[in-house]
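Visitor: I should like to learn how to read a protein model. May we go through it feature by feature?

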Amino acid sequence: SGGSGGTMASESEAQRALQYEQTLMYGRYTQDLGTFAKDEAARLRLQEGDTPRPHRPSELLEYTQGRCASCRVCALQCQRFLISKVGEDWVFLILLGLVMALVSWAMDFAIATCLQAQKWMYGGLDTNVLLQYMAWVTYPTVLITFSAGFTQILAPQAVGSGIPEMKTILRGVVLKEYLTLKTFVAKVIGLTCALGSGMPLGKEGPFVHIASMCAALLSRFLSLFGGFYENEARNIEMLAAACAVGVGCCFAAPIGGVLFSIEVTSTFFAVRNYWRGFFAATFSAFIFRVLAVWNKDEETITALFKTRFRLDFPFDLQELPAFAVIGIASGFGGALFVYLNRKIVQFMRRQKTINRFLMKKRLLFPALVTLIISTLTFPPGFGQFMAGQLTQKDTLVTLFDNQTWAKQGLSDEFEYLGILEAWRHPRSNVFVTLVVFILMKFWMSALATTIPVPCGAFMPVFVIGAAFGRLVGESMAAWFPDGIHTDSNIYRIVPGGYAVVGAAALSGAVTHTVSTAVIVFELTGQISHILPVMIAVILANAVAQSLQPSLYDSIIRIKKLPYLPELGWGHHEKYNVRVEDIMVRDIRYVTLNCKYRDLQQVLHSTKMKNLPLVESAESMILLGSIERTQVGALLSNQLSPHRRLLTLRQKVLSEDGHRLSDSSIRFQVRGAAILGDARSRCPPPTSPYHPIPPQISTE
């Protein structure tokens, strides 16, 4: 009783040590929680009679003897300090941002070189139209075919965007071979060739996948310095930050990249990953733009598509209905794009004859699609009605131009006169060219994104939206040639602002994101059109989400990835559906005391890959599961001729007469064996709830 009284007294003293007292302003605790925890731990150690730890760690004692002992101890401590610092998050994020910036800059340089080579071949053969056509068509076909073949041979997982797979992985599903070095190499080389061909493809989605693979490979490399990189929860957090880095270094848009990655890849976002994404994306975007300055591509760090809109009066309030029309129309257009993309894939799969033929000739489909698209964009041919000679970057530069094409024509003093010349046709006006461009690029992009190469759909949709906004802006400029009058001041319409609004609205409608507005601001370097852009993006999302899933959710459904998408509008009654309403109830299971015959019946009566293990048929308490192949291997091992001879030999040598009962199979749970007489014969399990090799006797 004395001992128990002393213990109770010490506990009451500990409780009084951390008390709350009222002060003049807020009140406070009498002691800091961390200090209290340390004091309490020290008190409990002394109470239990533990000896205090030595001042110097035991592992350093071997270095404290001999000559230069202090130097060796200091060197070892410095080594451990460096290793511990390498394991910190900021070091990992800096390495991730640096590597991704280098990869992005190198890929952009290679893509620009490929596109320049195509222009050089086309321009050098201007004396012969037939040779020009052959060069214009053959060059992209060879690059796309090489990309498809290289990706198919090295890593088929690198095909496509990568964002649908990352959404699935961040939900906790393990997809094999999606984050390996082999897939990384295939994605980088395949994407470079695909974008260098000039096809209407994007790189934003693949860059999210590339950054995620880079983060996984860095974690694997840095695990040599500490085991904390093998933590699965930590790896998931780093993958979430890597998704932001992928968008940030692709567009030099760190803020929009973080927000876009949250909207696209995460259903529930951990706020503790917020600073990781911003830190890595900002560092990556900074290095990416510094490399452009170092390569003499830019004079200083500027936006990728810098605009020159007026800042004193960017738009009039009476223009807001036109911006709202752009948003609503973009919502319908985004839903139509997703629908068309899905129907093309489903058509190719449902046609059994075509599907079998293309499976045998895997390179025929990408080559055929590239041939059709490049033929239609041939500048002396039909491409002259849709600015076919412009690349995606040149197209965006011209569409964001703040000059008005419809009224004044092309301004002679504008420095991009050569590029703008592609939109002018002697036998048609700019409206016809823009309409043809929008209609042709729409189905071309939906078709091109189905090619089995690493590619995304964000940039093609972005360009189409910019063209649609430009069309509306030019129409407004034609209807109001002198601008909208406000208080005797005349401000002309700026069609480039409409192009910015259209680009953000259509890309937001296809991806079901609002962060495209922020990406547009960072891409153009101006925030003057923030109100119309937000109005258009929100309206486009409202329309698109009510009609179709996002492009990434649509691909998830096509690929049948293990991912449960969010319920759309008009499906709220499905929230009342319970698991028991859709679950399969007639499931064959394995019990702890089941016989060999029971196991054979279970294996023959079901094709399930995993069998549930329950305590008994009466309680039905689930203990775990066992794979079907593992059960078959265990049974084959127990019934092998070697095991039978061993069992007979043990039975002959047995002196105590103990015999195992009928041919039965025994399992062990948490070290407790079944069938008491055989307890000593059962080996311990490797992990809880895992079946152990059974003991079978034959009499």
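Guide: The turns below take up a helix, the nonpolar cores and the salt bridges. This is a predicted model, in which local features need pLDDT of at least 70 and side-chain atom pairs count only at pLDDT 80 or more, while totals for chains, interfaces and linings use all residues. Residues are numbered from 1 along each chain as its sequence is written, and side-chain values use heavy atoms, with hydrogens and water left out.

Visitor: What span should helix 19 have, and how far apart are its end C-alpha atoms?

Guide: Helices are DSSP runs of H or I with at least four residues, numbered from the N terminus. The expected span is 1.5 Å times one less than the number of residues. Helix 19 has 22 residues (458–479) and should span 32 Å; its end C-alpha atoms are 32 Å apart, which agrees.

Visitor: How many residues of helix 19 are buried?

Guide: Buried means under 20% relative accessible area, exposed over 50%, and partly exposed in between, with a 1.4 Å probe and protein chains only. In helix 19, 19 of the 22 residues are buried, so the helix is largely enclosed by the rest of the structure.

Visitor: Which residues touch the most other members of the largest nonpolar core?

Guide: A nonpolar core is a set of buried Ala, Val, Leu, Ile, Met, Phe, Trp, Tyr and Cys residues joined through side-chain atoms within 4.5 Å. The largest one has 124 residues, and Leu96, Met100, Leu201, Ile210, Phe251 and Phe400 touch the most other members. Helix 19 gives the largest share of this core, 12 residues. A second, separate core of 13 residues includes Cys594 and Leu603.

Visitor: How many salt bridges does the structure hold?

Guide: Side chains of opposite charge can pair when their charged atoms come close. A salt bridge is a side-chain nitrogen of Lys or Arg within 4 Å of a carboxyl oxygen of Asp or Glu. The structure holds 6 salt bridges. One of them joins Glu40 and Arg43, with the closest N and O atoms 2.3 Å apart. Both residues lie in helix 2 (residues 33–48), 3 residues apart, about one turn of the helix.

Visitor: Which salt bridge partner does Asp108 have, and where do the two residues lie?

Guide: Asp108 meets Lys203 at 2.5 Å, N to O. This pair links distant parts of the chain, 95 residues apart: Asp108 is in helix 4 (residues 89–124), and Lys203 is in the loop between helix 7 (181–196) and helix 8 (204–222). Asp108 is partly exposed at 26% relative accessible area, whereas Lys203 counts as buried at 10%.
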